[in-house]
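Please keep the sequence and the 3D view at hand while reading.

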Amino acid sequence: MACNRQPQPQWATPSPITSQTSTKICPIMQLTFGSFPVVVASSAEMAKQFLKTHDHVFASRPQTATGKYTTYNYLNITWALYGPYWHQGQLRAFFSRLLALSGKPVLLKEHLSRITLSIISRIMLGKKYFSESKFETAVVTLEEVKEMLDELFLLNGLLNIGDWIPWLGFMDLQGYVKRMKALKKKFDRFHDHVFAELKAKMKGLMEDFVPKDMVDLLLQLAEDPNLEVKFNYDSDRGFTRDLIAGCTDTSATTVEWAMSEVMKQPHLIEKATEELDRVIGRQRWAEEKDIPELPYIDAIMKETMRKHPVAVLLAPHLAQEDCNVSGYDIRKGTRVFINIWSIGRDASFWDEPEAFHPERFLQGKVNMDVKGQSFELLPFGSGRRMCPGYSLGLKMIRSSLDNMLHGFHWKLPEDHEG
Ligand code: HEM
């Protein structure tokens with residue numbers, strides 16, 4: 001323990017971070033992991049301290065091998081860019097595919113990943129750039145992109161010994177760095193193809209070129225000599241990769257969890273469909289404009305994000321200078337993990353935290369949002385490093401979830417256990 005305050009007895013025996021409710025977990029805990037101090041914050045108040053009060057100190061990320069080899073420098077974005085692509089056509093195709101499978105068991109995750117990948121790729125790149133069937137020709141297949149993203153997630157999430165004990169890094173004991181380099185090559189091939197095509201288009205149109213999507217704009221920025229912060233093609237590649245990867249599994253996983261929870265309690269589906277029938281009727285699909293009129297489904301989404309946050313420990317934050325947080329000294333270089341899994345299960349704040357009760361957001365916790373203002377519920381983090389894609393993520397979740405509940409009857413397969 002390196003904190004200057006007298007540790008409470010519970011500090012000496014940290015419980016497994018994610019397998020206990022937060023009543024048994026200390027709000028802040030310091031460990032030494034490899035060569036680095038690590039702090040885990042597991043209460044809403046501590047999350048607020050790190051992500052709001054001292055946000056400027058902890059807004060950095062540690063340098064890791066996966067950051068070095070599989071992504072480039074992350075550049076922040078605003079949400080002015082996403083166009084109309086993200087819903088209609090793509091979602092219709094998705095629902096038609098589901099309709100065609102009516103009556104048969106479906107593995108939802110597969111369909112959800114495919115739809116999010118298609119949508120985000122159109123938003124970022126202007127078109128799909130990968131083929132979904134043997135009749136389409138593209139530089140890569142959907143399967144290959146999914147494999148690349150799965151590998152990226154895996155390599156981002158696993159523990160690479162060289163990141164924590166840097167002097168052992170050169171040995172690449174687990175072989176992960178080798179895999180990162182191989183993955184980078186695959187991504188580079190894909191991006192090079194996309195950028196070559198877009199650059200040719202840009203050159204052809206000369207001054208008539210008007211950016212229509214994210215990559216058009218990024219390419220234009222890379223050509224701009226007057227920018228204060230220089231863009232280049234590496235930042236373009238890193239940027240698009242971050243966004244495609246950041247979006248795909250997160251939204252799909254949240255919808256999958258939501259469907260899994262409501263199918264276990266069919267009366268929740270009844271309530272949701274009652275709301276959908278009342279607000280939308282049976283003649284059309286749900287649209288973006290309906291979202292504010294569907295509070296029950298909003299509550300289902302929030303409850304899903306509380307109970308099943310996609311990023312259990314948020315992404316690591318790095319102390320850029322020595323800092324005192326609520327009386328605890330945190331040294332420069334400390335890696336900070338915010339344990340939102342535990343915060344979402346804190347029994348002193350949430351009644352029956354292990355239960356799935358969307359109603360809690362309609363009675364009592366009515367004003368809680370998921371956009372970084374309520375520190376008890378932080379699926380997107382908060383502060384300077386909060387997820388920049390939250391708005392798009394929420395819309396992707398709602399467009400799929402609303403229509404999946406509106407257009408289909410759902411039940412678990414007969415042989416389902418648990
Ligand atoms: C349900 C959907 C999503 C969830 C739950 C989610 C969650 C998160 C979380 C927890 C973080 C880390 C915040 C922190 O460290 O404090 C994050 C970061 C990030 N997300 Fe998301 N995200 C989602 C959708 C998206 C989308 C749609 C995009 C892009 C189109 C995106 C792009 C990013 C990027 C680029 C970062 C890194 C931000 C930084 O380091 O400053 N995310 N996201």
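In which loop does Cys-387 lie? Cys-387 is found in the loop between helix H12 (340-343) and H13. The model is a predicted one, in which local features need pLDDT of at least 70 and side-chain atom pairs count only at pLDDT 80 or more, while totals for chains, interfaces and linings use all residues. Residues are numbered from 1 along each chain as its sequence is written.

**Overall make-up**

- The protein has 13 helices and eight strands; helices (H or I, at least four residues) and strands (E, at least two) are DSSP runs, numbered from the N terminus.
- Of the 418 residues of the protein, 36% count as buried. A residue is buried if 20 or more other C-beta atoms lie within 10 Å of its own, exposed if 12 or fewer, and partly exposed in between, with C-beta atoms placed from the backbone.
- Among contacts with a separation of 6 or more, 71% join residues 24 or more positions apart. Two residues are in contact if their C-beta atoms, placed from the backbone, lie within 7 Å.

**The shell around the ligand**

- The ligand is surrounded by 23 residues, and the closest are Gly-246, Gly-381, Cys-387, Gly-389 and Gly-393. A residue counts here if its C-beta atom, placed from the backbone, lies within 6 Å of the molecule.
- Helix H9 (233-264) and helix H13 (390-407) each supply at least two residues of this shell, and H9 gives the most, with seven residues.
- By class, the shell has 14 nonpolar, seven polar and two charged residues. Ala, Val, Leu, Ile, Met, Phe, Trp, Tyr, Cys and Pro count as nonpolar, Asp, Glu, Lys and Arg as charged, and the others, Gly among them, as polar.

**Cys-387**

- Cys-387 is buried because 22 other C-beta atoms lie within 10 Å.
- Not counting residues up to four places away in sequence, Cys-387 touches Phe-380, Gly-381 and Gly-393.
- An unreviewed UniProt entry carries the annotation "binding site" at Cys-387; such annotations may be inferred rather than shown by experiment.

**Paired strands**

- Strand E1 (residues 28-33) and strand E2 (residues 36-41) pair in the antiparallel sense over six bridges, where pairing requires that DSSP finds at least two bridges between two strands.
- Thr-32 has Pro-37 in E2 as its bridge partner.
- The hairpin of E1 and E2 has two residues between the strands, and Gly-34 takes a positive phi near 60° there.
- E2 also pairs with strand E8 (residues 335-338), in the parallel sense and over four bridges; the partner of Ala-41 in E8 is Ile-338.
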